[in-house]
Amino acid sequence: MEKLKITIAVTGLNNTDNPGPGVPVIRGIRDSEVIEARIIGLAYENLEPGVYMPGLINKTYMIPYPSTGTEAYVERIEEIHQKDPIDLIIPNLDAELYTFMKASSKLSEIGIKTFLPSLEQFEERHKANLDSFGIKYDVKVPKSKTLTGQYEIEKLSDDFEYPVLVKGKFYDAYIAYNPEQVTTHFNKISAKWGIPIIIQEFIKGTEVNVVALGDGMGSTIAAVPMRKQFITDKGKAWSGITISDTELLGITNGLIEKTKWRGAMEIEMIKTNAGEYYLIEINPRIPAWVYLAVGAGQNIPETLVKLAMGKSVTPYKMYQTGKMFIRYSWDLLGDIQEFEQLSIYGELEKQIIST
Amino acid sequence: MKLKKNIAISESGFLFDPSSGDSFNLNKTGQQIVKMLSEGKSENAIIRSILEEFKVEKHTLQRYLDDFYSMLRQFNLIENE
């Protein structure tokens, strides 16, 4: 069978202890037997490890942060596209998704495909809108409240029992046992990510996650549930295992069907000891642990590429339970010339030796 | 008392619950008891089998077994009774 030869641009190459999903996404694509991809890495910092890792990226280009503004951001993508035509972009970071969704028709006009949820889907699953999302799609969610100022902290005890979770709009979550701790976390998160800050009821139980892919018409194309076995001080999974949980998969299928979700998503839920499931977050992108799903039998990055390119896909029905991942750190040695190339010229070509 | 379906026990005494992702190490006796439970043996049959093999007072064994069963329940390894 002839392979699908395409150029795919990928972001999220920060393979640190708080990893972006770029590297595992590329690994999934590289593992594919039906896709022959030229991979373009889009990096924000010149020390993102994925850029230097062997066998992954053909060429990396530096791009500005999305906070620079959509126009400047898309201009840089266009500039890269003129030099090195891109068929598909897979954005992997929360903070850039809005920019890509907003620019998707512009990108499509110049021949760059994306496979992302709609802006409406993106907005309604926001942490700040979780309450109404739960009601609309009939799924249990923890009680939450959006704070825009410190003055609201004092009144929290009218609606919440401590402890509560204090969350940023995009990143960071801390547990607070009293109003003073809420204030500390409010200041810390708002200084970094801005407001609003979300206060969420603390649900006791086990966190279970699902990586899933929707076709945009209501069908689940892939879904693999996982339980974190070890987490870092940043709350990121350092080790996880695929689990067999039909109820969790049922909730996932229901959400994808009702929302007609398009693209990848990570569903984060708490399973209580009584066996109830509470939705705590939906990340509208591939999570950094996606390579576990690939290893368990569902190559989600490959399937997303096929969907984006308009190829037919068969929904996955099986995966292996008890498949584990364990992250590790590894000192990758590089040459100063590579760093120089990226720092001075904003691009770096790497030789990929095919096996 | 029934062990939950899909629980996997290896010969080394490693028990894996695929619904939660939890795993446990069983000693030889624990392994024997869990194996008998998974074969659908009754609690009385388990007691008889252990009494035949080990020198232990029945009431002492019963106490240890109760502890062990409550541990299995606590770890959600038993079907809802």
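Modeller: A residue is called buried when its relative accessible area is under 20%, exposed when over 50%, and partly exposed in between, with a 1.4 Å probe and protein chains only. The structure is a predicted model in which local features need pLDDT of at least 70 and side-chain atom pairs count only at pLDDT 80 or more, while totals for chains, interfaces and linings use all residues. Residues are numbered from 1 along each chain as its sequence is written, chains are lettered from A and ligands numbered from 1 in the order in which they are written, and side-chain values use heavy atoms, with hydrogens and water left out.

Biologist: Is A:Thr7 buried or exposed?

Modeller: A:Thr7 belongs to strand β1 of chain A, residues 4–10; helices (H or I, at least four residues) and strands (E, at least two) are DSSP runs, numbered from the N terminus. Contact means heavy atoms within 4.5 Å, and beyond the residues up to four places away in sequence A:Thr7 touches A:Arg38, A:Ile40, A:Pro85, A:Ile86, A:Asp87 and A:Leu88. Because its relative accessible area is 12%, A:Thr7 is buried.

Biologist: What relative accessibility does A:Lys127 have?

Modeller: A:Lys127 sits in the loop between α6 (119–124) and α7 (130–137) of chain A. Leaving aside neighbours within four places in sequence, its contacts include A:Ser144, A:Lys167, A:Phe170, A:Tyr171 and A:Glu281. A:Lys127 counts as buried because its relative accessibility is 6%.

Biologist: How does A:Lys306 count in terms of accessibility?

Modeller: A:Lys306 lies in helix α12 of chain A, residues 300–308. Apart from neighbours within four places in sequence, A:Lys306 is in contact with A:Val34, A:Lys311, A:Ser312 and A:Val313. Its relative accessibility is 22%, so A:Lys306 counts as partly exposed.

Biologist: Where in chain A is A:Pro196, and what is the omega of the peptide bond from A:Ile195?

Modeller: A:Pro196 is placed in the loop between α9 (179–193) and β8 (197–201) of chain A. The peptide bond that joins A:Ile195 to A:Pro196 is cis, with omega near 5°.

Biologist: What is the phi of A:Asp138?

Modeller: A:Asp138 is found in the loop between α7 and β5 (144–147) of chain A. At 66% relative accessibility, A:Asp138 counts as exposed. Its phi is positive although the residue is other than glycine, with a value near 55°.

Biologist: What is the phi of B:Asn6?

Modeller: B:Asn6 is found in the segment before β1 of chain B. This residue counts as exposed because its relative accessibility is 58%. B:Asn6 is a residue other than glycine, and its positive phi is near 70°.

Biologist: What pattern does chain B follow, and what is its radius of gyration?

Modeller: Chain B has three helices and three strands, in the order β-β-β-α-α-α along the sequence. The radius of gyration is taken over C-alpha atoms, and the globule rule is 2.2 Å times the number of residues to the power 0.38. That rule gives 12 Å for 81 residues, so chain B is as compact as a globular protein of that length, with a radius of gyration of 12 Å.

Biologist: Which elements of chain B are included in what covers the buried residues of α1(B)?

Modeller: Helix α1 of chain B spans residues 28–38, and its buried residues are B:Gly30, B:Gln31, B:Ile33, B:Val34, B:Met36 and B:Leu37. Just after this helix, B:Gly40 takes a positive phi of about 85°. The cover over the buried residues of α1(B) includes β1 (8–9), β2 (14–17), α2 (43–53) and α3 (58–74).

Biologist: Which residues of chain A lose the most area to chain B?

Modeller: Nine residues of chain A are in contact with six residues of chain B. Buried area is the accessible area (1.4 Å probe) that two parts lose on being put together, summed over both. Between chain A and chain B it is about 560 Å², and carbon and sulfur atoms give 41% of it. Together accounting for 56% of what the chain A side buries, the residues that lose the most area are A:Arg227, A:Ile243 and A:Ser244.
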